[in-house]
There are 2 protein chains.
Amino acid sequence: MSSSHPTIVIIGGVAGGASAAARARRHSEQSHIILIERGPDVSFANCGLPYHIGGEIADRADLAVQTPDSLRQLLNLDVRTLTEAISIDPRARTIRTRRLDTQAEELVSYDKLILSPGAKPLTPPLLGIDDSRVMTLRNLQDTDRIKKAASAAKDILVIGGGFIGLEMAEQLAHLGKSITLIERNPQVLPQLDPAMARPLQQALLDRGVSLIFQDGIAAFEANESRITAVLSSGRKLDADLVILSIGVQPESAVAQTAGLTLGPRGHIVVNAWQQTSEPDIYAVGDVCETADPILNTRVAIALGGPANRQGRTAADHIFLGDKALPYPGSIGTAIVRVFDVSAGITGWSEKRLRQVGQTYQTVTVNAASHASYYPGSETVTLKLLWNPQNGRILGAQAVGKDGIDKRLDVIATAIRGNLTIDDLVHLELAYAPPFGSAKDVINIAGFAASNIRDGLLSPVASLEEAGAQIIDVRPTATASKRPVPGAKNIPLAQLRQRLAEIDPSQPVFVICQMGRTSYFAARILANHGFNAHSILGGAHHQL
Amino acid sequence: MSSSHPTIVIIGGVAGGASAAARARRHSEQSHIILIERGPDVSFANCGLPYHIGGEIADRADLAVQTPDSLRQLLNLDVRTLTEAISIDPRARTIRTRRLDTQAEELVSYDKLILSPGAKPLTPPLLGIDDSRVMTLRNLQDTDRIKKAASAAKDILVIGGGFIGLEMAEQLAHLGKSITLIERNPQVLPQLDPAMARPLQQALLDRGVSLIFQDGIAAFEANESRITAVLSSGRKLDADLVILSIGVQPESAVAQTAGLTLGPRGHIVVNAWQQTSEPDIYAVGDVCETADPILNTRVAIALGGPANRQGRTAADHIFLGDKALPYPGSIGTAIVRVFDVSAGITGWSEKRLRQVGQTYQTVTVNAASHASYYPGSETVTLKLLWNPQNGRILGAQAVGKDGIDKRLDVIATAIRGNLTIDDLVHLELAYAPPFGSAKDVINIAGFAASNIRDGLLSPVASLEEAGAQIIDVRPTATASKRPVPGAKNIPLAQLRQRLAEIDPSQPVFVICQMGRTSYFAARILANHGFNAHSILGGAHHQL
C-alpha cells in the first residue's frame, strides 16, 4: 500500500464505476485499479438500451462505450467481469469475490473501495412474475432478450409509466406492436404534476398506445401461448410480452455486509465526497442517496449524469482529500421523449412540495419555442415553482415538441445559481429567429411570476378552481371552434367597449388560448375595478 | 397631468418602444400613451427581415407582430406613424413632431418620455454610396426593396460579416445568387475569437459564398447596368446589388436637442431604470448604453432581447419608482445561423478581454450535442473564458451544427448567477440520449477548466504555440487520413508501451481528434515525469 498510489477496488463497471476508474487513472499511473463487474460488459450505454430495442440505434456495438479490453488498454485497469462481490470486511480492507462461471472465490485487498453496483428493477413477489415473458430492462442481455421476444410479439404490456416505461412504450410502438401501458397513478410520469403530463398521454393515445391508469399488477397467469396479466382491479389482459418498469431498488446488499449506514429506502448514505460511514469506502450512482440542495433534504436520483460525476468526485477525494470539489447534490433534472412530445422536470414538483409542506407559488406559461413568425416553432408549456418568501426557484417542468431540453437546462442552471424569479425576467438568452424569441418563455415565466408577486397578476391554476363568471377573450372564431365550458366570449379587442356585460359584483375569471392575452384582459378589468383573475396556461393547457 | 396616470410619450414603435407601451398600459388604463413612429409600421419583427428576403418567412404579413390598428385596439394607444420627433424640451416637457407626409408640426406634452429610436445602419460618406443599388436593411421598406432588387440580381456583394451580413449572405445564397462577402477583419463575426468563427467561414465556402477578408469598401462606381465596388486594396468587384451591413449607429440626434448625456460613441447614458440624465426621459434599446455586469464597464448592445426588457423596465419605473426591478445590464448573448452551422457568444471574448487587460484563462472543448451512440449527434465546440482569481465565468463561445443555442443559454444563465468553473462541473442538465449526454459539453468544459486550475491539464491553445515534439495519439488510420504537420503518431492504446520513443528532455505536445484523448495521454505522460501539454480542441478545432 502506498498513500499516493493506493490500490483502488471498484465494484460495478458502468456509469459511476467507470467514471471513477478513469478519473483515478488520471491522478495516478501507478495505482492498481481493479474493476469488478458482475455482468460481461462494462461502461455500456444503459440509457440507450430502449433505442436499440426500437431500432433507432441499429448497431448493438454502438452501445458498448468501452469494453473490458479497451479499459485495460486505455486505462490500464484490472478488469474482472462476470465477477460478483459477495462481502466486504472494512476492518481488514478486503472484499470477497466470486466468479460467476467457475464459482471461484477470491479475497481482494483494497486501500480504497468504491461501490457503484447500481439499482435493479423492482420485481415484486407476485404470482407468476417468474414467467419468462415478464421482462425487465437493465443491461445488454436484457436488451437482447426483449428485442428477440418483441420481434415475435403482437401485444405487449408495459407496466409502469415512468421514464423507462415511456421510452419502452414509444420504441415498441415504433416496431408496430400493440402496446398497453399500465400505471397505478392517474397519469404517466408521476414525477410531473398531472397537467404537465397530459401532452405525453395525448401523444401516446395519438399513436394508438392504450393507457390504463390507477391500476396495478396483481399476478400473471400463463396460458398455452400467451401470458395474462391480472390487475389489482381484477381486470385481465392477455399479451405476448410484459415489460415491467415500475421502479428500481438500490443494490445495497453487499454494503450491508460491511455494516454501512443505509437510508430509509436502502440507499447507502454518503457525505459530500461520496464517503460512506466507512471513510475508505465510497458509494456512487443509483445505490446511494445524496443531498438535495434546494430544500436541504436527502434524495436518491437514479440517473446517469449524477452517477458519472459522483464517480469522478470519489476518485478526486481519494487523491486530493478534502481539497477535492465536493458533490453539490442532485436536483433531479430529467427528460423523456414520447414520439414528438418531450417533457421533463428539474427540482421539485408541486406534488412533492405539498407533501413536505413547503410553501410555494407557481405559474404555468406557454410561448413559442422560437420566434413564432419563423417557420417550425412549437408551443413550450413551462411550469415554474418558487419560494414566495425569497423568490428563489424551487423547480420547473416543461412539455412540448421543441426546445424542452433547453428550457430545463436553463432553469437547472438557475437553480444551481440560486436565482430568483426576478433573475429570470432578465436572463439574456441567445436570440435569432431560428433559435428563440426576444422574450423567451423563460423570461415570460419570470414576468408572470413577478407579476403575481407584485399583485399585477392574480392567477387561477385551473378551470376547476375558477368561479362562475368566466370570460373567454379569444377571437370569436377560435373560441367557438373549441369553446371553454361555461365561458362568455368577449374578444380582447372589444373588451373595453363591453365592460357593461360583466358583473362587477362577482369575481371574473379570464381565459384565452395561451394564457397571455387573459393576463392582458385581466389587467384591463382590474384597472377598471373588477376582481379579475387570469386562468393559467389558457385553453392550450386547460382543455 | 396626474402622477398615477401620467401622459407617456414614446418615440419609436418597434421592440423597446412597443414593449414599454404595452407594459405601461398594464399598469394603467387611464394613462394617455402616445406612440410616435417615423415609419409606417410598428412592432414589426426586425430580426425576421433577412428570412423574408430569403423566402423562409414566405408571408410578409407574418413580420407584422402588431399593426397601428391592433395597438390602438388592444392597448388603447395613440399611435402616430409617419411622424418624426424633431426636438425635445425637457424643461417644458414637450416634444415637437413633424408628419412626414404633410410636414405638419405639433407640440406634444408629456409627463414621461421614453426614447426608443433604435440605431441606423452605418453609411460612411463614400463616393457613390448613394447609388440606389447600395442598400441597407432596417425596416420592412428596406426588405421590400432588397427582395425586389435581389430577384433580378445575379451577383451580390455583402459588405460586413457581422450578424446581419451573415444572415443576408445565407439567405441570398438560398435564392441562388452569387454572393461575395467582404469583411475588413480577418474573420467573419468579429465578435467571436478567430478560431471559433472558422466553421462559419467553412460553411459559407462550402455553399459557394466567396470571402474577402482584411479589405474594406472605399467607393462605388456606377457603370451602365452594374455597380462596381472599389475596395480599400484597390480591388474592384462588379455586382448587381450591394448590401451594406458594416454596423449601426445610435439615433441619438434628437436626444442631443434635449441636452441628454451621451456616451463616447453617441449612445444615450442611462441608469439602471433606463433614466437618462433627465429623470423624466427614459431611453431604451439600441440607442442607449447599459451596464456590463461582468466587468462592471459600460456596453451598447443592439439586440432585440435587451431592447424589449429595457422598455418594460422603463414603464415599470414610471409607475413603481425605484421599487421597480432595475435592468441588470447586458452580457451580449448572441447567435447566428449560417446554413447548417450555428455560432454564438455570451459575455466577453478573449479578444475583448485582452483589449481591456483583464486576466483570464480559457479552454476549448469538443463534445457531442447528444449521446454519440444515438443517431444525429453533432460536435459542439465550446470555448470558455474565466477569471483565474475566483473561477468566475467571463464568457463563452460555441459553434457547431446542433445544440449551440442551448449551451449559450446555459452559460448566459451561469454568468447571471455568478457561477464558477466548479459549478459547471456539476451542472445537472437534462439527459436522455436524444437530448444530451451524461457528461454534457458544459460539464466537460468545467472538467477541463478545473483541471487547468488544479494543474492536471496543461493546455496549449493552438498548434502554432506548440513546441517541436508533437505526439498525435489518434488511431493510426485517423491520423494518417488527415495528419497533423510535424507530429509523430503514437495511438493512445500503445502510449504506455512506447514511452521510450518520446524525448523526456523536451516538452511534449499531445494532440488527438477532439481534445479529450490528448488530455488522457498528457496525464499518462505527466504521471511518468514528462513535461506534457495537451493541444486544445484537437484536430477537429485546429486543422
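Six salt bridges turn up across the interface of chain A and chain B in this predicted model. One of them pairs A:Glu29 with B:Arg496, and here the closest N and O atoms sit 2.8 Å apart. On the side of chain A that touches chain B, helix H10 (residues 404-416) supplies the largest share, namely nine residues. Sorted by class, that side of chain A is made up of 40 nonpolar, 24 polar and 19 charged residues.

As for the extent of the interface, 83 residues of chain A are in contact with 83 residues of chain B. Put together, the two chains bury about 7,300 Å² between them, and 58% of this lies on carbon and sulfur atoms. Within chain A, the residues that lose the most area to chain B are A:Arg26, A:His426 and A:Glu428, which together account for 12% of what that side buries.

How the two chains are arranged comes next. Chain A can be laid on chain B by a rotation of 180° with 0.0 Å of shift along the axis, and the RMSD of that superposition is 0.0 Å. The two copies are therefore related as by a two-fold rotation axis. Of the interface residues of chain A, 100% are interface residues in chain B as well, so the copies meet through the same surface.

Salt bridges also occur inside a chain. Over all chains, a search of the whole structure comes up with 72 of them. A:Arg60 and A:Asp144 form one such pair, their closest N and O atoms being 2.8 Å apart. This pair ties together distant parts of the chain: A:Arg60 belongs to the loop between helix H2 (49-53) and helix H3 (68-75) of chain A, while A:Asp144 belongs to helix H4 (residues 140-152), and the two residues are 84 residues apart.

Finally, a word on the predictor's own scores. The average pLDDT of chain A is 96, and 99% of the residues score at least 70. For the complex, the predictor gives an ipTM of 0.96 and a pTM of 0.97. Where pLDDT is low, the predicted coordinates should not be read in detail.

Terms used:
Residues numbered from 1 in each chain as written. Chains lettered and ligands numbered in written order. Predicted model: local features only at pLDDT ≥ 70, side-chain atom pairs only at ≥ 80, totals over all residues. Heavy atoms only, no water. Contact = heavy atoms within 4.5 Å. Buried area = accessible area lost by both parts, 1.4 Å probe. Salt bridge = Lys/Arg side-chain N within 4 Å of Asp/Glu carboxyl O. Helix = DSSP H or I, 4+ residues; strand = E, 2+ residues; numbered from the N terminus. Nonpolar A, V, L, I, M, F, W, Y, C, P; charged D, E, K, R; others polar. Least-squares fit on C-alpha atoms with pLDDT ≥ 70 in both. pLDDT = per-residue confidence, 0-100.
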